[in-house]
Amino acid sequence: GDTLARLGGDEFAILVNDVAETVHVTHVAERVHELLKEVFVVHGQEIYTSASVGIALSSRDYERPEEVIRDADLAMYRAKTSGSATYEVFDSAMHESAMALHRLETDLRRAVDRNEFVVHYQPIVSLESGRILGFEALLRWQHPQWGLVSPDYFIDVAEDTGLIVPIGWWVLRESCRQTKLWQELFPTDPALSISVNISGKLTVQPEMAAMMRTVLEETQLAPTSLKLEVTESAMLSHAGDCLTALRDLQAMGVQLHVDDFGTGYSSLSYLQRFAYDSLKIDRSFVSSIDAQREDSAIVKAIIALGRSLGMKVIAEGVETAAQLKTLQSMQCPEAQGFWFSKPLDHAAIGELLQNQGALRH
């Protein structure tokens, strides 16, 4: 009396009747896994497959069949994250997690409409002179109930929903506008620059370079003062289209940085395919350069690699005098981190620029 149906694509549903205990349903999932261990022969080819199974138990709380399928689907995706050939039973904790994610997505959409985002800026410093060369723009969410929220909490949701695109363009426009204002108030040679992390989703937008040109024209910021930071994972996910857009941007004069260098899968292959302007050494290497000989060797090798390729090198996450001294001994050109300054709002950065002597170096 049970029912098997294909919902679409590679998703199937099994309706099991007259279940007295949860264990009876999990036995069905286990039997499915055992059956799928068998080899399937299709046109003479041996095929191996497995399944992730999500289970929702009947309850008086359900009012429509779609609600049961929704919760089984949520459990199935939880099973997927646990590994292949597993099953998960939907429970109250999973429901709370799903509801919290839904609330976060709803609040994030409202935040875009209500302009609740702010940008904080962290100085990038010359290790030779101690002078501030520019800043990295760091997004924050000024939530009406939670206060100032770090992007670690919401950036994945923004990526998954596509909201990262309008948010990303807002950050670019605001950062360029603010940097131009600082350049006028605090003229230097070369002029202060701004580094902005961009999502791979922005680089594959149609006419991305043209839209970037419009932002620069509106804010009157020179293209050479803008540095876009692209992670290796973004390049890996959007390889062909991403590289095309980056070439167009570089032709405009915009500088390009490889962010978190050394943490991805294809560092050297992408350096070979594309001429970047700078490498940013990930903070995970910098944090232990005094304690871990291997990390110290990696940092030294990245600095030497950048020098041989004619690229600037920036060390992220400098937090101690010992780390600074080690990087200076390795002749690392630039760095940023809490040792110099935590990320600050635009007003605090203005005060910092008025008195650069307050910056430790």
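**Before you start**

Residue numbers run from 1 along each chain as its sequence is written, and side-chain values use heavy atoms, with hydrogens and water left out. Because the model is predicted, local features need pLDDT of at least 70 and side-chain atom pairs count only at pLDDT 80 or more, while totals for chains, interfaces and linings use all residues.

**Stop 1: strand 8**

Select residues 132–143, which make up strand 8. Helices (H or I, at least four residues) and strands (E, at least two) are DSSP runs, numbered from the N terminus. Buried means under 20% relative accessible area, exposed means over 50%, and partly exposed lies in between (1.4 Å probe, protein chains only).

**Stop 2: the partners of strand 8**

Two strands pair if DSSP finds at least two bridges between them. Which strands does strand 8 pair with, and in which direction?

- Nine bridges tie strand 7 to strand 8, and the two run antiparallel. Pick Gln 122: its bridge partner in strand 8 is Glu 136.
- Strand 10 runs parallel to strand 8, with four bridges between them. Here Phe 135 stands opposite Ile 194 of strand 10.
- Three bridges join strand 9 to strand 8, antiparallel. Gln 142 stands opposite Leu 148 of strand 9.

Now look at the turns. The hairpin of strand 7 and strand 8 has five residues between the strands, and Gly 130 in that hairpin takes a positive phi near 80°. Strand 8 passes to strand 9 through a hairpin of three residues.

**Stop 3: the aromatic cluster**

Select Phe 117, Trp 141, Trp 146, Tyr 153 and Phe 154; ring pairs link these residues into a cluster. Rings of Phe, Tyr and Trp (its six-membered ring) pair if their centres lie within 6.5 Å; planes under 30 degrees apart count as stacked, over 60 as edge-to-face and the rest as tilted.

How many aromatic pairs does a search of the whole structure find? It finds seven. Start with Phe 117 and Trp 141: the ring centres are 6.1 Å apart and the planes meet at 40°, so the pair is tilted. This pair links distant parts of the chain, with Phe 117 in strand 7 and Trp 141 in strand 8, 24 residues apart. Phe 117 counts as buried at 6% relative accessibility. Trp 141 is buried too, at 0%.

Stay on Phe 117 and turn to Phe 154. These rings form a tilted pair, 6.0 Å centre to centre with 45° between the planes. Phe 154 sits in the loop between strand 9 and helix 4 (155–161), 37 residues from Phe 117. Both Phe 117 and Phe 154 are buried.

**Stop 4: a nonpolar surface patch**

Select Leu 4, Phe 12 and Ile 14. Together they form a nonpolar patch on the surface, with about 340 Å² of accessible area. Patches are made of residues with over 30% relative accessible area and no salt bridge: like charges are joined within 9 Å, nonpolar side chains (Val, Leu, Ile, Met, Phe, Trp, Tyr) within 5 Å. A salt bridge is a side-chain nitrogen of Lys or Arg within 4 Å of a carboxyl oxygen of Asp or Glu. Accessible areas come from the Shrake-Rupley method with a 1.4 Å probe; for residues, only the protein chains shown count as cover.

Zoom in on Ile 14, in strand 2 (residues 11–15). Ile 14 counts as partly exposed, at 44% relative accessibility.

**Stop 5**

- Pro 190 lies in the loop between helix 5 (164–185) and strand 10.
- Asp 18: phi is positive, about 50°, although the residue is not a glycine. Asp 18 is in the loop between strand 2 and helix 1 (22–36). Asp 18 is exposed, at 81% relative accessible area.
- Gln 220: phi is positive, about 60°, and again the residue is not a glycine. Look in the loop between helix 7 (208–219) and strand 11 (226–231). At 56% relative accessibility, Gln 220 counts as exposed.

**Stop 6: cysteines**

Select Cys 176, buried at 0% relative accessibility. Then select Cys 332, buried at 3%. The disulfide count is zero, where a disulfide is a pair of cysteine sulfur atoms within 2.5 Å.
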